[in-house]
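The entries follow in the order I made them.

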Amino acid sequence: MKLIKNKLLIILFIFAVLFVVLIIRMIKDYGEATVGNQAKIIKNEKNDYKPYVGEINKSVFVPYWSLALNDGLNTYDRLIYFGILGTVDGINTDESGYINLQKFLSISSKQSEKYLTVRMTNTQENLLILKNKDSMAQIIDVSINIANQYGFSGLVLDLEISVLFGDEVINQISTFSNDFYRKSKENNLNYSIAIYGDLFYRGRPYDLATLAKNSDEIMIMAYDFHKSIGEPGPNFPLNGREIYGYDMEMLMDDFLQYVGPKKITVIFGMYGYDWIVDEQERPIKAAQVLTLNQIRSKHSNDCNEERCEFVDDADRRHVIWFENEESVAKKIEYLKSRGIGSFAYWAAGYF
């Protein structure tokens, strides 16, 4: 009986010790979690809410197809040529983007900084490139050589994957971008990468933390939230998440977790989509893209702020959503309050 009693005491003692250890561990975890949360809050206060003060930096993308239109280029701090084409075989030197390089330089403002974009907008081609180390190396090496040859001070990688993929593609993109960054720095070139504005909302296959660490600049494509094949809506709403599911305020909450505001440039798309819709404003077919200049010249009497409505000669109802200088000004004021001071426009000749 005494032996059983002693065993029970030993067991109770062991349980008591384990209980104390568990309590200590819980207190420790709570303390670490609290410190972690405080650190996150401090980070957000530092990165999100310190207003940008001073002159903003303005850039404009200059597409290879609109080089005849060069008015006002001297008002921008940076001109971004769009650009040379990356393919499985490397940089295509037989297409217009490469051929028009010299023409771009001839119309460029001498006082503006100049960046060269590597265009990679075909998802299927890009997936083949990401699986081929030789293709990636070719694109990187030739792009850097062209940038040095033509006097560009930086490169922009526009690598677009339009559908969802798993970790393999995410890692391939990171590897490609990291190599591009490293070799650009070895050649005294700045390196930027363009990222979808709906990265978090639509789960795009990009590891933003890694890309931000291995780049000089993250360029957020804050446009095309509502697409030609989808429902009508704003180019990219400043607010209105309860209506649209996402907005620019949420975008900044997401991006600023991984990228400091001084490393961000927000790109505005100066164009719109013209949807033909039914009585419930559902699209009947894919929308037509219109530049801001085209919208102004054709539909100025039908528009109010960022939206136009009209009925055409065939008695079809149209809805146009677009970005203009007024909507951009509101977004810039908001973004400045989040510490952002660098902005770009897509594209020269559109507005």
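**Aromatic rings**

I first looked up a cluster: ring pairs link Phe-61, Tyr-64, Trp-65, Phe-82, Trp-346 and Tyr-350. Rings of Phe, Tyr and Trp (its six-membered ring) pair if their centres lie within 6.5 Å; planes under 30 degrees apart are stacked, over 60 edge-to-face, and the rest tilted.

I note that this is a predicted model, where local features need pLDDT of at least 70 and side-chain atom pairs pLDDT 80 or more, while totals for chains, interfaces and linings use all residues. Residues are numbered from 1 along each chain as its sequence is written, and side-chain values use heavy atoms, without hydrogens and water.

I found 26 aromatic pairs in the structure. One of them joins Tyr-223 and Tyr-271 edge-to-face, at 6.1 Å centre to centre and 80 degrees between the planes. Tyr-223 lies in the loop between strand E7 (217–221) and helix H8 (241–244), and Tyr-271 in strand E9 (residues 271–277), so the pair ties together parts 48 residues apart in sequence. Helices (H or I, at least four residues) and strands (E, at least two) are DSSP runs, numbered from the N terminus.

Are these two tyrosines buried or exposed? Tyr-223 is buried at 18% relative accessible area, and Tyr-271 is buried at 6%. Buried means under 20% relative accessible area, exposed over 50%, and partly exposed in between (1.4 Å probe, protein chains only).

**Charges over rings**

I then checked for charges over rings (NZ of Lys or CZ of Arg within 6 Å of the ring centre and within 35 degrees of the ring normal). Lys-58 has its charged end over the ring of Tyr-76, 5.4 Å from the centre. Arg-202 lies over the face of Phe-225, 4.8 Å from the ring centre.

**Largest pocket**

I looked up the largest pocket and read about 560 Å³. On a 1 Å grid over the protein atoms alone, a pocket is an open set of points where a 1.4 Å probe fits, with protein on both sides within 12 Å along at least five of seven lines; lining residues have an atom within 4 Å of a point. Grid points are joined across faces, edges and corners, and the volume is the space filled by probe spheres set on the points.

The lining has 25 residues, with Glu-160, Tyr-196, Met-221, Tyr-223 and Asp-224 nearest the pocket centre. Strand E5 (154–159), strand E6 (190–196) and E9 each supply at least two lining residues.
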